Every structure is written in structure tokens, then in C-alpha cells.
Amino acid sequence: MSTQARRPAVPPRPVRRPQEATGAVADDSAPPPRPTTPPRPATPPRPAAPPAARPVGPSPAEDGAAPPKDPARRIFPAFPAPRTTPPAPAPPEPGAARGRRGTGAVDLAPRPGAGAPFAAAPRGPGQDQATTRLRPVPRSPRRTAAAAVCLVLGLGLVAGGATGTWLTGDSPGAAADSFTAGAALWHEAPVDRLFPPTVRGRKAGPGGADRAWTRIAVAPDSGCAKAFDPLLASVLEPAGCARLLRATYTDATRSEVVTVGLLFTRADRQAMTDLRTRFRTEKLGQRRDLMPRPYPAEDTPAEGFGDAQRASWSLSVLDDLPAVVYAVSGFADGREITEPQSAASATADGATSAPAQAGLGHTALAHTERAAARLRALSQPATEEP
């Protein structure tokens, strides 16, 4: 035995095993993993694969690994094995998503109650439909029949209008023929057509009364000399005077007389239109110094019908015919009229003059309108009766 005291043997330090995942600190023998900071990607990264389960076993010190240089560093406890399928991320709340927006960013998060930006895909026949699908309306036999009737009636109206236009000659060529034919009426139309023996005026009198006049004299056709007052003759001179026809009528009571005149001019359509426009715009037909003269026939009730007996008158310039139509009325007893009145004024409501109360304005206006209508009817090539 050696004389040197033997040192007692030092028992080996027990190695602590890493505890289970209970929140306690493991052994200090294993070095902790060095934390690393991954760079921030430009685009959102894909979800990483779940980490492999870390086996629970003896620490590296039990396997004979070298002890760490810094025993004071600790490691994190082991985590349990993660699930194989990662849970789906919860949708962000609309308020939070809008709160994280930067300045100038566009909020793409759907708002509460907002619909989908695009129409949903069509669903199957057995699935519920969110909207009502348009379905074809079944045709009704009554609707089809009504549409067919309307079509036939419309075509009939169009065809009838075209046929009427063709028959009556209502076209530029027919209008030209009518204007030309009107210039020859003074020597081609019978006198009874131009001046009928009896003229009836339905509602042509005051208050809408019916009137009737009888022809008592027809003047021979002549020129326009002494047929008009000098001022009226100068106004009508640009149209020219081809021929003048006149006739005088009296009413059933023989208390009034009226002379009707037809002046056929030498003017063309444009000249007649200009003359008509001048009479209308300047109101020449209402001037007392532009009255036409009557035709006093001897041995008739109009024998004393002179310039001083003129009570009312009416004059119309036609633009579709080369003609001027007029009528001048007065009393058959030969009384003088100091204040003659045009037919337009004598037929107005509230007129109290002698010509207005006697209805002489209505007489002059009725004969002018009917004489113009007869000329237009006679100028139509297809017209046989006025």
C-alpha cells in the first residue's frame, strides 16, 4: 500500500435529461439554435411546410457530444408535433383591413352588403337561382291576329293615300298643270260654272244662318280699265291683267246686292306668291282706298249700285292659280255708305257698324270663298264637276 494518501473518487456529475414539454427549462449542455432573421419577401410568401417532429431523447451530452462553450445559454423546450393540415387563415375583418391601408392604397376588401363584382356562374337546374331568369313570353293567337290586322290596315292606308295622290294629281307636275289650266278658265269654262245661277251658303250668314243668292247680271269679259280704284289698280299692276269676269247677285229678300269678280293675271306662280304675301303682311285687303268697284246692271236691283253704295268687300290673291277673286256688297235701295268696312272687320265679334249688322260682310266673304273654291275645282284636269 502506498504511503501517499489516496484521494477519494469524485462521483460523476449526473446529467439532467430534458424534461417533457411542460414549460420547464431543459439541460444547459446543448447549445441553443442561433436565431436568424429572414429577409422580408416582396410578395406574400407561401405557407411553409410544417416542421418535422423533433424526437424526444437523450441530450447531446449523453451521446458524447462536446459540451457547449457558453454553458449559460439556454434552449427552448421541445414543441409537440404539429398537425399535418394547417388551419385555414381567418378572414380579416373589414374594419381592420381598411385600418391597415396605406395612404393612396386601394381598398379591395368587400364592404358589408356589397354584391359580387361579377355575375355568379350559372347554376344547375336543381339549384336555387339568386335572380329571376328571363323566359320567353308565349305568343297569343289574339295578339298575333291583332298585329296582322294593324299591319293590313296600315298598308291599306298607305296604298290609299298613294292612290288618291295619283288620281287627284297631287304632285309637282300636276300642280304645274293645274296652274296652267287655271289661266285658260276665263275662255274655256262655261259661265254657269264660273258664276252659278244660284249660290247657296250654308251657315254663311250672321249667327250661322243659311243664305242663298240669285244671279241677276253677268258683265261681258273685258280688261281691267275702270274696274278698280286707281290705287288698287297700281297694286295689282305687277301681276298683269289677262281678263276680268264679273257677275252680280241679290239675296232672297232683294235687299242687298253683291258683285263677284274674277281677275285672271299674266303672272307666274312666284309672282302670285309674292303678291299674296304682300297683301297679307301689309293688310292691303282692309284698306278703304283699295276697294274694288261693283257692276251696276241696268233694269236690275243693282242698277243703283255704285261706288258710294259700297258697304263691305273681300279680296283674295290665289298663289296656286293666276287669279284674284273679290266681292263687294251693298244695299239694294241705293243708300250711300259713309263708313264702309272690310269683311274681316264686319264679321268680327262685337262689330256694330251698319254693314256688320246687315250681314253685308258675311255676304262678301261667302262669295269670295266660294268663287275661289270653284276656280280650284275647275282647274283640276280630272275634275268633271265643280
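Arginine 293 is partly exposed, at a relative accessible area of 22%. Buried here means under 20% relative accessible area, exposed over 50%, and partly exposed in between (1.4 Å probe, protein chains only). The model is predicted: local features need pLDDT of at least 70, side-chain atom pairs count only at pLDDT 80 or more, and totals for chains, interfaces and linings use all residues. Residues are numbered from 1 along each chain as its sequence is written, and side-chain values use heavy atoms, with hydrogens and water left out.

The side chain of arginine 293 forms a salt bridge with that of aspartate 229 (3.0 Å, N to O). A salt bridge requires a side-chain nitrogen of Lys or Arg within 4 Å of a carboxyl oxygen of Asp or Glu. Arginine 293 sits in the loop between helix 7 and strand 5, and aspartate 229 in the loop between strand 2 and helix 6, so the pair ties together parts 64 residues apart in sequence. Helices (H or I, at least four residues) and strands (E, at least two) are DSSP runs, numbered from the N terminus. Aspartate 229 counts as buried, at 12% relative accessibility.

Aspartate 229 also meets arginine 310 in a salt bridge (3.5 Å, N to O). This pair links distant parts of the chain, 81 residues apart; arginine 310 lies in the loop between helix 7 and strand 5. Arginine 310 is buried, with 7% relative accessibility. Aspartate 307 and arginine 293 form another salt bridge (3.6 Å, N to O). Both residues of that pair lie in the loop between helix 7 and strand 5, 14 residues apart in sequence. Aspartate 307 is partly exposed at 37% relative accessibility. Shared partners join Asp229, Arg293, Asp307 and Arg310 into one network. Over the whole structure, 11 salt bridges are found.

The search for disulfides (cysteine sulfur atoms within 2.5 Å) returns 1 in the whole structure. Cysteine 224 and cysteine 241 form it, with sulfur atoms 1.8 Å apart. The torsion about the S-S bond is about 80°, so the disulfide is right-handed. Cysteine 224 lies in the loop between strand 2 and helix 6 (230–236), and cysteine 241 in the loop between helix 6 and strand 3, so the pair ties together parts 17 residues apart in sequence. Cysteine 241 is partly exposed, at 26% relative accessible area.

An open sheet of 6 strands has the order 1-2-3-4-6-5, with antiparallel pairing. Two strands pair if DSSP finds at least two bridges between them. Strand 1 (198–201) and strand 5 (312–317) are the edge strands, each pairing on one side only. The twist averages 20° from one strand to the next. Strand 3 (residues 243–251) and strand 4 (residues 256–264) run antiparallel and are joined by 8 bridges. Arginine 246 faces glycine 261 in strand 4.

Helix 7 (residues 269–282) packs on the sheet, touching strand 5 and strand 6 (323–331), and its direction makes about 145° with that of strand 5. Contact means heavy atoms within 4.5 Å. Axes are lines fitted to C-alpha atoms, for helices over the stretch in contact; angles run from 0 to 180 degrees between N-to-C directions. Helix 10 (residues 360–379) lies across strands 1, 2, 3, 4, 5 and 6, at about 155° to strand 6.

The largest nonpolar core has 26 residues; Leu194, Phe195, Tyr249 and Leu375 are among those with the most contacts inside it. Such a core is a set of buried Ala, Val, Leu, Ile, Met, Phe, Trp, Tyr and Cys residues joined through side-chain atoms within 4.5 Å. Helix 10 gives the largest share, 6 residues.
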